[in-house]
Amino acid sequence: MEKRSGARAAKENATTKKPRMLRKSPVAMKQQRQDEGHEPRTLSVTLDRDALECPLCFSPFEASIFQCKNGHAACEACCARTHRVCPSCAEPIGDIRCRPLENAIAGMLVPCAFAEHGCTWRLRFAEKQVHEALLCQHAPCACPVPGCAYAGLELGDHIRDAHAAAGDGDGDGNDVVSFAGSAAVTLRRGTPFRVLLHETDARVFLLLNGGGVPSGRSLSVVCVGPRPCGNKSLEYTLQVGGGGEPGALALSASGPVPCTCRWAGHHPTEAFLFVPDAYWGSSGSVSVTVPVRKVTADKV
């Protein structure tokens, strides 16, 4: 028995054991492929846009997507708005993340809608809406002058050619004011806005004259066009003279300039300069100075 046991032990020691192979996780394998210089694997597919939007608010899905136990998905804001109750099946929603959909959207690159106009950006799906509305330098801009149907890439040139000589210069209409660093405008109380055209880069600004405030008017500035390229933004200062009453103080306000490619008559509700009725005087007008400058975005 001892000899047999010894022979068996010798045989087992002589046998080379194969090392145990551990399977790498998909994340580690993907990282290894990238480190070795492999091209990322891509797949071209066609998706219905509805599949990438929250079915409750119809906004593009962003970072956090949640689902109930029955698989109904919703964005984080809608989970809070519905008090964490799934509107489809009344099950709790807001605790279970929908990781596969999050990963699919995070890795998805889509072309800008204005690619045919020259934009070469490929964007994350959640970034697409902001890029096209505010940032794309190739987005067509609609003319804000009432009755004009122009929408194109050369709004400044269009304003200069079609509308610069339309007004009579007395501030009673929507005539165009060209300026370099600072625009000087005579604004009548009943004029809804004045068009300001920057002479250097042909940017189009609107000096808005809104109501909705008691005993006065609200003045604000908006840019009809994309934001400046790079880490830049626009900032304005509104300065209104002493008004029609003796001893009236000058008014001023400053802030970032909102940018839009299509002004639809909306007025900023948070940042504006309030001009009391007394400032409009017997002529019903005020003198407004509007300096506009580019600043780094982190200063705004």
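View 1. F66 has A74 of β2 as its bridge partner. Strand β1 (residues 65-67) runs antiparallel to β2 and is joined to it by three bridges. Strands are DSSP runs (E, at least two residues) numbered from the N terminus, as are helices (H or I, at least four), and two strands pair if DSSP finds at least two bridges between them. The sheet is open, with the order β2-β1-β3 and antiparallel pairing. Because β2 (73-75) and β3 (96-97) are edge strands with a single partner each, one side of each has no neighbour in the sheet. The model is predicted: local features need pLDDT of at least 70 and side-chain atom pairs pLDDT 80 or more, whereas totals for chains, interfaces and linings use all residues. Residues are numbered from 1 along each chain as its sequence is written, and side-chain values use heavy atoms, with hydrogens and water left out.

**View 2. An open sheet of four strands in the order β9-β17-β13-β14.** The pairing in this sheet is antiparallel. The edges are formed by β9 (182-188) and β14 (251-256); each has a single partner strand, so one side of each is left without a neighbour in the sheet. Seven bridges pair β9 with strand β17 (residues 285-296) in the antiparallel sense. Within this pair, A184 stands opposite T289 of β17.

**View 3. Lining of the second largest pocket by residue class.** The lining comprises 14 nonpolar residues (Ala, Val, Leu, Ile, Met, Phe, Trp, Tyr, Cys and Pro), five polar (the others, Gly among them) and three charged (Asp, Glu, Lys and Arg). Helix α5 (125-135) and strand β13 (232-240) each supply at least two lining residues.
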